[in-house]
Amino acid sequence: PPFGIANIGKSFRNEITPGNFIFRTREFEQMELEFFVKPGTDEEWHQKWIDERLQWYIDLGIRPENLRFYEHPQEALSHYSKRTVDIEYAYNFQGSKWGELEGIANRTDYDLKVHSEGSGEDLSYFDQETNERWIPYVIEPAAGLGRAFMAFLVDAYTEDEAPNSKGGVDTRVVLKLDRRLAPVKVAVLPLSKKPELAEPAEKIAAQLRQLWNIEYDTSGAIGRRYRRQDEIGTPFCVTVDFDTLEDNAVTVRERDSMEQERVKIEDLQDYLATRLVGC
(Lines give C-alpha, C1' and ligand atoms only; values in the text may rest on other atoms or scores of the structure.)
Protein backbone atom coordinates (compact mmCIF):
# COMPACT_ATOMS: atom_id res chain seq x y z
CA PRO A 1 0.00 0.00 0.00
CA PRO A 2 -0.94 2.54 -1.04
CA PHE A 3 -2.57 1.00 -4.11
CA GLY A 4 -6.08 0.76 -5.50
CA ILE A 5 -8.36 -1.57 -7.43
CA ALA A 6 -11.11 0.04 -9.51
CA ASN A 7 -14.03 -1.61 -11.26
CA ILE A 8 -17.36 -0.85 -12.84
CA GLY A 9 -20.40 -3.08 -12.88
CA LYS A 10 -24.12 -3.41 -12.61
CA SER A 11 -25.83 -2.92 -9.25
CA PHE A 12 -29.38 -3.47 -8.11
CA ARG A 13 -31.39 -1.77 -5.39
CA ASN A 14 -34.94 -2.28 -4.16
CA GLU A 15 -36.00 1.32 -4.74
CA ILE A 16 -39.54 1.98 -3.51
CA THR A 17 -39.93 5.18 -5.54
CA PRO A 18 -37.63 5.24 -8.58
CA GLY A 19 -37.76 8.48 -10.53
CA ASN A 20 -36.20 11.79 -11.56
CA PHE A 21 -35.32 10.38 -14.99
CA ILE A 22 -32.24 8.13 -14.49
CA PHE A 23 -31.26 9.53 -11.10
CA ARG A 24 -32.96 6.82 -9.05
CA THR A 25 -33.39 3.42 -10.68
CA ARG A 26 -33.54 -0.18 -9.53
CA GLU A 27 -30.75 -1.20 -11.90
CA PHE A 28 -27.71 1.00 -12.49
CA GLU A 29 -24.00 1.06 -13.30
CA GLN A 30 -21.71 1.61 -10.32
CA MET A 31 -18.07 2.77 -10.37
CA GLU A 32 -15.97 1.96 -7.30
CA LEU A 33 -12.38 2.21 -6.15
CA GLU A 34 -10.98 0.27 -3.21
CA PHE A 35 -7.83 2.16 -2.20
CA PHE A 36 -5.68 0.47 0.45
CA VAL A 37 -3.55 2.61 2.78
CA LYS A 38 -1.51 2.29 5.95
CA PRO A 39 -3.40 2.97 9.19
CA GLY A 40 -2.55 6.44 10.40
CA THR A 41 -2.32 7.78 6.85
CA ASP A 42 -6.01 7.10 6.13
CA GLU A 43 -7.33 10.56 6.98
CA GLU A 44 -4.82 12.25 4.67
CA TRP A 45 -5.59 9.83 1.83
CA HIS A 46 -9.31 10.17 2.39
CA GLN A 47 -9.13 13.96 2.01
CA LYS A 48 -6.93 13.58 -1.06
CA TRP A 49 -9.54 11.38 -2.75
CA ILE A 50 -12.35 13.77 -1.79
CA ASP A 51 -10.47 16.60 -3.49
CA GLU A 52 -9.45 14.49 -6.49
CA ARG A 53 -12.97 13.30 -7.16
CA LEU A 54 -14.42 16.82 -7.01
CA GLN A 55 -11.75 18.05 -9.42
CA TRP A 56 -12.53 15.18 -11.84
CA TYR A 57 -16.04 16.54 -12.39
CA ILE A 58 -14.78 20.11 -12.73
CA ASP A 59 -12.06 19.11 -15.21
CA LEU A 60 -14.71 17.45 -17.39
CA GLY A 61 -16.77 20.60 -17.57
CA ILE A 62 -19.16 20.78 -14.62
CA ARG A 63 -19.35 24.28 -13.17
CA PRO A 64 -17.96 24.43 -9.61
CA GLU A 65 -20.98 26.37 -8.33
CA ASN A 66 -23.16 23.37 -9.19
CA LEU A 67 -21.14 21.04 -6.95
CA ARG A 68 -20.88 20.82 -3.16
CA PHE A 69 -19.78 18.50 -0.37
CA TYR A 70 -22.13 16.88 2.12
CA GLU A 71 -20.42 15.70 5.31
CA HIS A 72 -22.25 12.81 6.97
CA PRO A 73 -22.77 13.61 10.67
CA GLN A 74 -21.10 11.26 13.10
CA GLU A 75 -24.40 9.92 14.43
CA ALA A 76 -25.52 9.00 10.90
CA LEU A 77 -22.35 7.22 9.75
CA SER A 78 -22.49 3.59 8.69
CA HIS A 79 -21.06 1.17 11.22
CA TYR A 80 -17.91 0.65 9.14
CA SER A 81 -17.24 4.32 8.38
CA LYS A 82 -14.82 6.64 10.14
CA ARG A 83 -15.86 9.51 7.85
CA THR A 84 -18.02 9.76 4.72
CA VAL A 85 -18.33 12.73 2.38
CA ASP A 86 -20.73 12.93 -0.56
CA ILE A 87 -20.28 15.01 -3.69
CA GLU A 88 -23.63 16.49 -4.67
CA TYR A 89 -24.80 18.14 -7.88
CA ALA A 90 -27.48 20.81 -8.27
CA TYR A 91 -29.94 18.82 -10.41
CA ASN A 92 -32.73 21.20 -9.34
CA PHE A 93 -35.28 18.45 -8.92
CA GLN A 94 -38.73 19.50 -7.84
CA GLY A 95 -38.58 19.84 -4.07
CA SER A 96 -34.88 19.04 -3.86
CA LYS A 97 -32.13 21.08 -5.50
CA TRP A 98 -29.22 18.79 -4.65
CA GLY A 99 -28.67 15.11 -5.40
CA GLU A 100 -25.82 12.76 -4.55
CA LEU A 101 -23.27 12.08 -7.29
CA GLU A 102 -20.94 9.88 -5.30
CA GLY A 103 -19.76 9.08 -1.80
CA ILE A 104 -16.18 8.81 -0.56
CA ALA A 105 -15.89 6.74 2.61
CA ASN A 106 -13.06 5.92 5.00
CA ARG A 107 -14.03 2.31 5.73
CA THR A 108 -11.07 1.75 8.12
CA ASP A 109 -9.93 -1.91 8.30
CA TYR A 110 -13.50 -3.20 8.57
CA ASP A 111 -13.62 -4.87 5.14
CA LEU A 112 -10.41 -6.85 5.36
CA LYS A 113 -11.04 -7.83 8.99
CA VAL A 114 -14.48 -9.22 8.16
CA HIS A 115 -13.16 -11.05 5.09
CA SER A 116 -10.30 -12.46 7.12
CA GLU A 117 -12.58 -13.64 9.90
CA GLY A 118 -15.01 -15.22 7.46
CA SER A 119 -12.44 -16.91 5.23
CA GLY A 120 -9.76 -17.77 7.73
CA GLU A 121 -7.18 -16.13 5.47
CA ASP A 122 -4.61 -13.69 6.82
CA LEU A 123 -5.17 -10.44 4.91
CA SER A 124 -2.66 -8.38 6.85
CA TYR A 125 0.32 -6.70 5.20
CA PHE A 126 3.92 -7.00 6.37
CA ASP A 127 5.83 -3.75 5.99
CA GLN A 128 9.48 -4.69 5.42
CA GLU A 129 10.66 -1.11 5.92
CA THR A 130 9.27 -0.83 9.45
CA ASN A 131 9.17 -4.56 10.25
CA GLU A 132 5.47 -4.16 11.15
CA ARG A 133 2.37 -6.11 10.23
CA TRP A 134 -0.95 -4.31 9.85
CA ILE A 135 -4.34 -4.57 8.20
CA PRO A 136 -4.79 -1.89 5.51
CA TYR A 137 -7.52 0.71 5.76
CA VAL A 138 -9.78 1.14 2.74
CA ILE A 139 -10.73 4.47 1.16
CA GLU A 140 -13.72 3.92 -1.14
CA PRO A 141 -14.99 6.42 -3.72
CA ALA A 142 -18.26 5.03 -5.13
CA ALA A 143 -20.13 6.77 -7.95
CA GLY A 144 -23.20 6.09 -10.05
CA LEU A 145 -22.36 6.23 -13.75
CA GLY A 146 -25.90 7.20 -14.72
CA ARG A 147 -25.96 10.07 -12.23
CA ALA A 148 -22.65 11.42 -13.55
CA PHE A 149 -23.91 11.09 -17.13
CA MET A 150 -27.04 12.98 -16.21
CA ALA A 151 -25.07 15.73 -14.44
CA PHE A 152 -22.81 16.25 -17.46
CA LEU A 153 -25.85 16.53 -19.74
CA VAL A 154 -27.73 18.92 -17.46
CA ASP A 155 -24.69 21.14 -16.97
CA ALA A 156 -23.85 21.22 -20.68
CA TYR A 157 -27.36 22.13 -21.89
CA THR A 158 -27.38 25.77 -23.01
CA GLU A 159 -29.69 28.06 -24.93
CA ASP A 160 -28.26 31.12 -26.66
CA GLU A 161 -28.85 33.16 -29.81
CA ALA A 162 -27.48 32.52 -33.29
CA PRO A 163 -27.98 34.42 -36.57
CA ASN A 164 -30.34 32.90 -39.11
CA SER A 165 -30.46 33.06 -42.91
CA LYS A 166 -33.10 35.81 -42.84
CA GLY A 167 -30.87 38.29 -41.04
CA GLY A 168 -32.49 37.76 -37.64
CA VAL A 169 -31.58 35.58 -34.69
CA ASP A 170 -32.89 32.24 -33.49
CA THR A 171 -32.68 30.54 -30.14
CA ARG A 172 -29.92 27.96 -30.41
CA VAL A 173 -29.83 24.82 -28.28
CA VAL A 174 -26.25 23.70 -27.76
CA LEU A 175 -24.80 20.91 -25.65
CA LYS A 176 -21.52 22.38 -24.41
CA LEU A 177 -19.96 19.08 -23.46
CA ASP A 178 -16.27 18.80 -22.80
CA ARG A 179 -14.76 17.70 -26.10
CA ARG A 180 -13.63 14.42 -24.52
CA LEU A 181 -17.24 13.57 -23.64
CA ALA A 182 -18.85 14.59 -26.94
CA PRO A 183 -20.12 11.43 -28.69
CA VAL A 184 -19.37 12.87 -32.16
CA LYS A 185 -16.11 14.81 -32.49
CA VAL A 186 -16.42 16.19 -36.03
CA ALA A 187 -19.23 16.54 -38.58
CA VAL A 188 -18.34 16.74 -42.27
CA LEU A 189 -20.89 18.76 -44.22
CA PRO A 190 -20.74 19.18 -48.00
CA LEU A 191 -22.54 22.39 -48.96
CA SER A 192 -24.23 20.55 -51.82
CA LYS A 193 -25.01 16.93 -52.70
CA LYS A 194 -23.39 17.44 -56.10
CA PRO A 195 -20.64 14.89 -56.84
CA GLU A 196 -17.91 17.54 -57.11
CA LEU A 197 -18.48 18.38 -53.41
CA ALA A 198 -19.75 15.04 -52.11
CA GLU A 199 -16.73 13.09 -53.29
CA PRO A 200 -14.03 15.17 -51.53
CA ALA A 201 -16.28 15.46 -48.45
CA GLU A 202 -16.66 11.68 -48.25
CA LYS A 203 -12.90 11.29 -48.61
CA ILE A 204 -12.27 13.75 -45.77
CA ALA A 205 -14.82 11.98 -43.57
CA ALA A 206 -13.21 8.60 -44.24
CA GLN A 207 -9.77 9.93 -43.32
CA LEU A 208 -10.95 11.57 -40.10
CA ARG A 209 -12.99 8.51 -39.14
CA GLN A 210 -9.75 6.61 -38.62
CA LEU A 211 -9.09 8.87 -35.63
CA TRP A 212 -12.47 10.00 -34.26
CA ASN A 213 -16.19 9.35 -34.36
CA ILE A 214 -17.37 11.32 -37.41
CA GLU A 215 -20.83 12.20 -38.68
CA TYR A 216 -21.45 12.85 -42.36
CA ASP A 217 -24.59 14.88 -43.04
CA THR A 218 -25.99 16.11 -46.38
CA SER A 219 -29.62 16.69 -45.41
CA GLY A 220 -31.06 20.22 -45.26
CA ALA A 221 -29.68 23.74 -45.27
CA ILE A 222 -26.21 24.21 -43.79
CA GLY A 223 -27.60 26.29 -40.91
CA ARG A 224 -29.96 23.50 -39.88
CA ARG A 225 -27.15 20.99 -40.05
CA TYR A 226 -25.06 23.19 -37.78
CA ARG A 227 -27.97 23.30 -35.31
CA ARG A 228 -28.32 19.52 -35.30
CA GLN A 229 -24.63 19.15 -34.44
CA ASP A 230 -24.89 21.85 -31.75
CA GLU A 231 -27.72 19.91 -30.11
CA ILE A 232 -25.64 16.73 -29.77
CA GLY A 233 -22.50 18.58 -28.68
CA THR A 234 -20.28 18.06 -31.75
CA PRO A 235 -17.23 20.31 -31.18
CA PHE A 236 -16.34 20.93 -34.85
CA CYS A 237 -18.11 21.09 -38.20
CA VAL A 238 -16.09 20.86 -41.41
CA THR A 239 -17.85 22.38 -44.43
CA VAL A 240 -16.81 21.51 -47.96
CA ASP A 241 -17.98 24.25 -50.33
CA PHE A 242 -17.38 25.31 -53.94
CA ASP A 243 -14.35 27.35 -52.90
CA THR A 244 -12.79 24.06 -51.79
CA LEU A 245 -12.45 23.13 -55.47
CA GLU A 246 -10.32 26.25 -55.99
CA ASP A 247 -8.25 26.61 -52.79
CA ASN A 248 -8.22 23.00 -51.52
CA ALA A 249 -9.39 24.25 -48.10
CA VAL A 250 -12.46 23.76 -45.89
CA THR A 251 -14.32 25.88 -43.35
CA VAL A 252 -14.02 24.65 -39.74
CA ARG A 253 -16.68 25.91 -37.34
CA GLU A 254 -16.24 25.68 -33.57
CA ARG A 255 -19.38 24.80 -31.59
CA ASP A 256 -19.39 27.20 -28.63
CA SER A 257 -18.11 30.37 -30.26
CA MET A 258 -19.49 29.59 -33.75
CA GLU A 259 -16.26 31.08 -35.11
CA GLN A 260 -15.20 29.83 -38.53
CA GLU A 261 -11.71 29.36 -39.88
CA ARG A 262 -10.44 28.37 -43.29
CA VAL A 263 -8.06 25.39 -43.11
CA LYS A 264 -6.15 23.62 -45.87
CA ILE A 265 -7.28 20.01 -46.30
CA GLU A 266 -3.69 18.81 -45.94
CA ASP A 267 -3.50 20.57 -42.53
CA LEU A 268 -6.97 19.58 -41.32
CA GLN A 269 -6.01 16.46 -39.38
CA ASP A 270 -3.27 18.25 -37.43
CA TYR A 271 -5.55 21.26 -36.87
CA LEU A 272 -8.21 19.06 -35.27
CA ALA A 273 -5.74 16.86 -33.39
CA THR A 274 -4.35 19.82 -31.44
CA ARG A 275 -7.92 20.73 -30.43
CA LEU A 276 -9.12 17.20 -29.64
CA VAL A 277 -6.34 16.13 -27.29
CA GLY A 278 -7.49 13.20 -25.16
CA CYS A 279 -10.36 12.39 -27.51
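**Entry 1: terms and ground rules**
I began with pairing: two strands pair if DSSP finds at least two bridges between them. Helices (H or I, at least four residues) and strands (E, at least two) are DSSP runs, numbered from the N terminus. I noted that this is a predicted model, where local features need pLDDT of at least 70, side-chain atom pairs count only at pLDDT 80 or more, and totals for chains, interfaces and linings use all residues. Residues are numbered from 1 along each chain as its sequence is written, and side-chain values use heavy atoms, with hydrogens and water left out.

**Entry 2: the sheet**
I looked up an open sheet of five strands and found the order S12-S11-S13-S14-S15, with mixed pairing. S12 (214-216) and S15 (260-264) are at the edges with a single partner strand each, so one side of each has no neighbour in the sheet. I then followed S11 (residues 186-190), which pairs with S12 in the parallel sense over three bridges. Within S12, glutamate 215 is the bridge partner of alanine 187.

**Entry 3: a helix on the sheet**
I saw helix H7 (residues 265-273) lying across S11, S13, S14 and S15, at about 120° to S15. Such angles run from 0 to 180 degrees between N-to-C directions, with axes fitted to C-alpha atoms, for helices over the stretch in contact (heavy atoms within 4.5 Å).

**Entry 4: histidine 46**
Is histidine 46 buried or exposed? I found it buried (under 20% relative accessible area, 1.4 Å probe, protein chains only), at 2%. Histidine 46 sits in helix H1 (residues 42-59). A polar atom of its side chain lies 2.9 Å from the backbone oxygen of isoleucine 104. Leaving aside neighbours within four places in sequence, I listed contacts of histidine 46 including Arg83, Asn106 and Ile139.

Notes: Buried < 20%, exposed > 50% of the residue type's maximum accessible area, 1.4 Å probe, protein only. Polar contact = N/O pair within 3.5 Å; in protein donor to acceptor, adjacent residues only side chain to side chain.
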